[in-house]
Amino acid sequence: MKKRPVVVVTRRLPDVIETRLRELFDTRLNLEDKPLSPEELAEAVKTADVLVPTITDEIGAPVLEQAGPNLKLIANFGNGVDNIDVTAAVARGITVTNTPGVLTEDTADMTMALILAVARRIPEGARVIPDGNWAGWSPTWMLGRRITGKRLGIVGMGRIGQALARRAKAFGLSIHYHNRRHVPPKIEAELEATYWESLDQMLARMDIVSVNCPHTPATYHLLSARRLKLMKPDAILVNTARGEIIDEGALTKLIESGAIAGAGLDVFEEEPAVNPRLVRLAKQGKVVLLPHMGSATHEGRVAMGEKVIVNIRAFVDGHKPPDRVLPSML
């Protein structure tokens, strides 16, 4: 009988996915759901034929140098691969895959929710009654901002950016976007979207800015201190992509000084650590902070796991995995 490949999974996955992995492969699970230590990660790459990491696992060149000769596939449980040195992996003959497309609607939902939460001060309002601080309705209390008629600037018009644009258009927002290139004319017309070749020019004119591009070396601090200063004082910024795309320290200073009205953040530069100054701003109602929940739905996590299984099965059977990632794609 053909030997089943050793598949090492670094975090807990939905039960249905773990069960199927055990059925198909010689699968080693992380039942404690704690991120692997550097020593445990080194042991995993030494013993695995297939590694299934997540965003919490840094698979850089130092880790890959410790990989055993049998490690031939890294099937990432996640859409992004910024936690993996894809170039180093490919140079060692290791194929890398991801799970694109299945988180689009969930992340777009959460992005729209954050826009509403910041503009309409929803988290602040949700605390008032439980805290016993409501004295009754008042015509001038807890005033937020109407989003209908405002301009939304989307940084990164891929699947998630387009899904957000469809939602935002239904709320009456005017759609603008910056991308490496125009989206197809049919989609641009459907969304009534205005393309900005210059990110600087777009930022200066938007009421709401949403970050929806991947984290790559080219997008690190894409929203730098200089660019953030271009935003209008009454504008808000939302990020459900990756924390490293925004200069978080500069954003914090600008919100503290009133140069930017507020922000909704689901991702952070040093997560799981969060800047204490951002936490203070959240307590003051100036920002909304979520613990990386953008794709956290039952349906989304199961769909991610199913893609991981398909990629492993294809690779083990000698076929090209459908979600292979190459350095040239980044």
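1. G285 is found in the loop between α12 and β12, where helices (H or I, at least four residues) and strands (E, at least two) are DSSP runs numbered from the N terminus. At 27% relative accessibility, G285 counts as partly exposed, because that class lies between buried, under 20% relative accessible area, and exposed, over 50%, with a 1.4 Å probe and protein chains only. The C-alpha atoms of G285 and M206 are separated by 21 Å, and these residues are 79 apart along the chain.

2. A word on the basis of these values. This is a predicted model, in which local features need pLDDT of at least 70 and side-chain atom pairs count only at pLDDT 80 or more, whereas totals for chains, interfaces and linings use all residues. Residues are numbered from 1 along each chain as its sequence is written, and side-chain values use heavy atoms, with hydrogens and water left out.

3. UniProt, in an unreviewed entry, lists residues 9–325 as "domain: D-isomer specific 2-hydroxyacid dehydrogenase catalytic"; its positions are given in the numbering used here, feature names are shortened, and annotations may be inferred rather than shown by experiment. Over residues 9–325 the chain is 37% helix and 13% strand, with the end C-alpha atoms 19 Å apart. The feature "domain: D-isomer specific 2-hydroxyacid dehydrogenase NAD-binding", also from an unreviewed entry, is placed by UniProt at residues 112–294. That span of residues 112–294 is 33% helix and 15% strand, and its end C-alpha atoms lie 10 Å apart.

4. An open sheet of six strands runs in the order β2-β1-β3-β4-β5-β13 with mixed pairing, two strands being paired if DSSP finds at least two bridges between them. Its edge strands, each pairing on one side only, are β2 (26–28) and β13 (324–325). Strand β5 (residues 95–97) pairs with β13 in the antiparallel sense over two bridges, and R324 in β13 is the bridge partner of T97.

5. E18 has its place in helix α1 (residues 15–24) and counts as buried because its relative accessibility is 5%. Its side chain reaches the backbone nitrogen of L13 at 3.0 Å. Leaving aside neighbours within four places in sequence, E18 is in contact (heavy atoms within 4.5 Å) with R11, R12, L13 and L29.

6. Which residues of helix α11 (residues 248–257) are buried? They are E248, A250, L251, T252, L254 and I255, and the buried residues of α11 pack against α10 (225–228), β10 (236–239), β11 (262–265), α12 (276–283) and β12 (287–289). Just after α11, G258 takes a positive phi of about 85 degrees.

7. The second largest pocket holds about 420 Å³ of space. Its lining comprises 24 residues, of which V118, A119, R145, I236 and A261 lie nearest its centre, and the elements that give two or more residues to this lining are α5 (104–119) and α11. On a 1 Å grid over the protein atoms alone, a pocket is an open set of points with protein on both sides within 12 Å along at least five of seven lines, while a cavity is a set where a 1.4 Å probe fits but cannot get out; lining residues have an atom within 4 Å of a point. Grid points are joined across faces, edges and corners, and a volume is the space filled by probe spheres set on the points.

8. The structure holds one cavity of 30 Å³ or more, and the largest cavity has a volume of about 30 Å³. The largest cavity is lined by N239, G243, I246, E248, L251, L265 and V267; E248 and L251 are also among the buried residues of α11.

Note on methods
A polar contact is a pair of N or O atoms within 3.5 Å; within protein, one must be able to donate a hydrogen and the other to accept it, and residues adjacent in sequence count only if both atoms are side-chain atoms.
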